[in-house]
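Hi everyone, thanks for having me. Let's look at a structure together and see how its parts are packed.

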Amino acid sequence: MITPASLRNLLPDEFRVSDSGTNRVTCLVVGAGLAGLVAARELRRRGVGVVVFDKGRGAGGRLATRRIGDAVFDHGAQFFTVREAEFGRHVDEWLRAGVVREWCRGFAHGDGALRADAHPRYCGTSGMAGIAKSLAADLDVRTGVRVESLVAHEGGWGVTTDAGVNWRAASLLLTPPVPQSLALIESGGFTLDAETKAHLARIAYDPCIAVMVIFAGMVTLPAPGAVQIEGGEPVYWIADNNCKGVSPRSSAFTIHAGADFSRAHWEADDELIVATLTRHAEKFLRDTNGQPLENAQVETQQVKRWRYSKPTVTYTERCLAVQTPPLVFAGDAFGGARVEGAALSGLAAAEQLATLLL
Ligand SMILES: Cc1cc2nc3c(=O)[nH]c(=O)nc-3n(C[C@H](O)[C@H](O)[C@H](O)COP(=O)(O)OP(=O)(O)OC[C@H]3O[C@@H](n4cnc5c(N)ncnc54)[C@H](O)[C@@H]3O)c2cc1C
């Protein structure tokens, strides 16, 4: 007869639930963004038992895709590039699996003229969040779970979720934006040494207000479907998600505000934000005949405020490790302020954790 006790004995050590109702795992990863997922896959490849928690409804973090009716919007990261061979090897796998594809080799700039170069810009075949979904598919990723407190014990970490579930983890990987990771660590009274704390406290991020709009009628951007205005204010990015190949519904646009506008209008009404940003985006929009549009009418709108969009001050190494109990901080604030940086940080964190756990 199978009793709860005999069932526990069938489970590998890291998933055994103790009599006190505490779950156990070798490595607990907070954050199912790209850094957390890449790290979890690499740890599992090395034979480490790993569970990933994310407070979001789905995996991806800033690799974010939202559906509004039959329209689909990438509203966090829009595309990515490859600079390092180590990341390139992973991207080649994703290309072979059809998870990502080359979008283009450059975008229109502020003068509306397309500037192409030799470097591919990649995107998720079914949206940027699709990359995370594919990486998470065969991992133990638990979404809709917020980690609320972390307490250091002899031989590991005590982790409590918002549902009041307790976990014991031999090691911990924190991949949220660094101010959130610091708050979590401090919630349980763990004291980082002064130097580590000072390094982490210096890390800073720009905010970004993203708006998703469906225009009435047929509104387009010329191929490849995006305008990138370096340092642009109030708008630095406009994307036509239909032309990009993400949205089956046409006239579905993502507009990203610059950091200055985002800071100044953080508390502003959505209506004001959408009206201001669409007015500034309008000069780039075209009708089906490629003719400039005047007075584009917004049919549907949503606003997403990214408090931590891209790090402006980063750490010098790809991750930061604390030895006892084993704890690693990772994410784009370590590997570089972009998709590639998050992935490289995840790989470096897995390497560090594997070393700390040996
Ligand atoms: C608007 C915008 C545009 C961007 N554009 C580009 C671009 O075009 N190209 C590019 O290369 N990069 C771009 N980026 C940056 C890129 O998205 C990031 O560098 C990368 O996705 C960061 O991944 P990450 O894993 O480090 O962090 P995240 O994706 O932020 O993952 C951290 C995760 O931790 C979770 N979390 C936080 N706290 C808790 C908790 N207590 N419990 C459980 N889970 C928790 C969060 O829900 C989140 O999913 C953009 C970012 C934004 C916001």
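Which residues does Leu-173 touch, leaving out those up to four places away in sequence? In this predicted model, Leu-173 touches Cys-27, Leu-28, Val-29, Val-30 and Ala-39, along with Val-328, Ala-330, Ala-349 and Leu-353.

Now let's step back from that one residue. Leu-173 belongs to the largest nonpolar core, which has 53 residues. Leu-173 is listed with Leu-34, Phe-80, Trp-94 and Ile-131 as having the most contacts inside that core. Helix H11, residues 339-357, supplies the largest share of this core, nine residues. And where does the core sit? Domain 1 and domain 2 both give residues to this core, so it lies between them. There is also a second, separate core of 30 residues, with Trp-157, Trp-167, Val-178 and Val-322 among them.

Nine residues from domain 1 and six residues from domain 2 make the contact. About 610 Å² is buried between the two domains, and carbon and sulfur atoms give 68% of that area. How many salt bridges are there between domain 1 and domain 2? The count is zero.

Last stop: helix H9, residues 270-281. Its 12 residues reach 16 Å from first C-alpha to last, close to the 16 Å expected. Buried residues in H9 include Ile-273, Val-274, Leu-277 and Ala-281. Among the elements covering the buried residues of H9 are strands S11, S13 and S14, and helix H8.

Key
Residues are numbered from 1 along each chain as its sequence is written. This is a predicted model: local features need pLDDT of at least 70, side-chain atom pairs count only at pLDDT 80 or more; totals for chains, interfaces and linings use all residues. Side-chain values use heavy atoms; hydrogens and water are left out. A nonpolar core is a set of buried Ala, Val, Leu, Ile, Met, Phe, Trp, Tyr and Cys residues joined through side-chain atoms within 4.5 Å. Buried means under 20% relative accessible area, exposed over 50%, partly exposed in between (1.4 Å probe, protein chains only). Helices (H or I, at least four residues) and strands (E, at least two) are DSSP runs, numbered from the N terminus. Domain bounds come from an automatic or database domain assignment. Contact means heavy atoms within 4.5 Å. The expected span of a helix is 1.5 Å times one less than its number of residues. Buried area is the accessible area (1.4 Å probe) that two parts lose on being put together, summed over both. A salt bridge is a side-chain nitrogen of Lys or Arg within 4 Å of a carboxyl oxygen of Asp or Glu.
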